[in-house]
Amino acid sequence: MNRDAWVVNRDAWVVNRDAWVVNRDAWVVNRDAWVVVGDNPRAGVRNPRLGVRNPRVSVRKPRLTGRNPRVSVRVAGVLLLAFDTATPVITVAVHDGQRVVGEASGEGAMAHGELLAPAIREAMAQAGAAMADLTDVAVGVGPGPFTGLRVGVVTALTLGSTLGLVTHGVCSLDIVAADVQVEGEFLVATDARRKEVYWARYGGGHVRLDGPHVLKPADLAAQHPDLPAYGQGAQLYDGVLRAAGAASPRAAALAELVVSGRAARLPLEPLYLRRPDAVPQVAVKRA
């Protein structure tokens with residue numbers, strides 16, 4: 001009986017594999033639609049009737065009996081990939097519209113480019129999904145250091161363009177604020193280097209009231225001496241700021257913000273707030 005059940009599952013996999021081929025072909029059609037519309041200077045966006053994959057073929061058939069790890073089940077019509085690279089922590093999550101179904105993370109102040117792609121692969125593998133199954137991509141757009149922030153934003157732009165995904169940009173400080181459990185106003189501060197912090201002020205419902213800005217910790221404390229501060233910047237300058245928690249952005253929190261509709265969406269443009277540390281040298285010509 002178990003063997004027969006496995007045969008049924010195997011047959012279901014064949015059906016799903018065939019559905020995947022249809023999906024792949026549908027993506028090619030969408031890609032061609034992108035090219036056609038993109039070549040039309042009067043068409044600023046893709047044709048919505050062509051630019052979205054057919055939901056009737058994008059969902060694989062559910063497994064019939066037993067466990068078949070190669071057959072993924074999507075209950076909702078959303079599969080969101082979310083990530084943030086605005087801090088030394090690289091965080092990735094996959095959300096199916098109801099819950100987080102895959103997570104991965106890594107840490108390295110100068111290794112965002114090396115760590116992000118493997119983390120995405122790991123989170124997608126946990127979700128049992130392929131990149132072609134995605135419908136949306138969300139990214140924290142900072143503020144943050146130049147190199148790490150650029151890696152995340154460029155990756156989101158590339159995925160959105162090549163796969164035809166809906167894109168969502170969210171302030172990285174908002175992602176930290178989403179995990180704060182406190183009533184009343186509070187600050188979120190992350191390390192901006194140069195002995196400064198990126199910060200924003202939040203009120204009831206975790207609504208951003210001010211910011212993001214970059215400032216010396218002592219100046220921030222002088223402006224808001226009574227507010228608790230959360231984030232790695234608050235921990236780094238504990239004693240100057242009223243540090244209450246050292247949370248980093250979590251991609252799972254980012255995904256929940258987007259799926260719930262509570263995210264204050266921003267363009268997919270990095271929030272640097274100041275010039276990069278490294279600038280090209282310009283030779284001075286002698287008279």
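Helix α8 is followed by Gly-261, a residue whose phi is positive, near 80°. Helices (DSSP runs of H or I, at least four residues) and strands (DSSP runs of E, at least two residues) are numbered from the N terminus. The model is a predicted one, in which local features need pLDDT of at least 70 and side-chain atom pairs count only at pLDDT 80 or more, while totals for chains, interfaces and linings use all residues. Residues are numbered from 1 along each chain as its sequence is written, and side-chain values use heavy atoms, with hydrogens and water left out.

- Helix α8 spans residues 251-260 and is mostly covered, since 7 of its 10 residues are buried; buried means under 20% relative accessible area, exposed means over 50%, and partly exposed lies in between, for a 1.4 Å probe and protein chains only.
- The buried residues of α8 are Ala-251, Ala-252, Ala-253, Leu-254, Ala-255, Leu-257 and Val-258.
- These buried residues pack against the strands β1 (80-84), β2 (89-95), β3 (100-107), β4 (136-140) and β5 (166-170), and also against helix α5 (172-178), where contact means heavy atoms within 4.5 Å.

**Backbone geometry**

- Most residues other than glycine have a negative phi, and most peptide bonds are trans.
- The peptide bond from Gly-142 to Pro-143 is cis, with omega near 15°, and Pro-143 is placed in the loop between β4 and α4 (146-163).
- Gly-211 and Pro-212 are likewise joined by a cis peptide bond, with omega about 10°, but Pro-212 has its place in strand β8, which covers residues 208-215.
- Arg-194, in the loop between β6 (186-193) and β7 (196-202), has a positive phi near 50° although this residue is not a glycine; Arg-194 is partly exposed, with a relative accessible area of 41%.
- Lys-195, which also lies in the loop between β6 and β7, has a positive phi of about 60° and is not a glycine either; Lys-195 counts as exposed because its relative accessibility is 63%.

**Salt bridges**

- A search of the whole structure finds 3 salt bridges, a salt bridge being a side-chain nitrogen of Lys or Arg within 4 Å of a carboxyl oxygen of Asp or Glu.
- The side chains of Arg-208 and Asp-174 meet in a salt bridge with an N to O distance of 2.8 Å, and this pair links distant parts of the chain, with Arg-208 in strand β8 and Asp-174 in helix α5, 34 residues apart. Arg-208 counts as partly exposed at 25% relative accessibility, whereas Asp-174 counts as buried at 11%.
- Arg-250 forms a salt bridge with Asp-179, the closest N and O atoms being 2.8 Å apart, and the pair links distant parts of the chain, with Arg-250 in the loop between β10 (242-245) and α8 and Asp-179 in the loop between α5 and β6, 71 residues apart. Arg-250 is partly exposed, with a relative accessible area of 37%, and Asp-179 counts as partly exposed at 27%.
- Glu-185 forms a salt bridge with Arg-201, in which the closest N and O atoms are 3.0 Å apart, and here too the pair links distant parts of the chain, with Glu-185 in the loop between α5 and β6 and Arg-201 in strand β7, 16 residues apart. Glu-185 is partly exposed, with a relative accessible area of 35%, whereas Arg-201 counts as buried at 18% relative accessibility.
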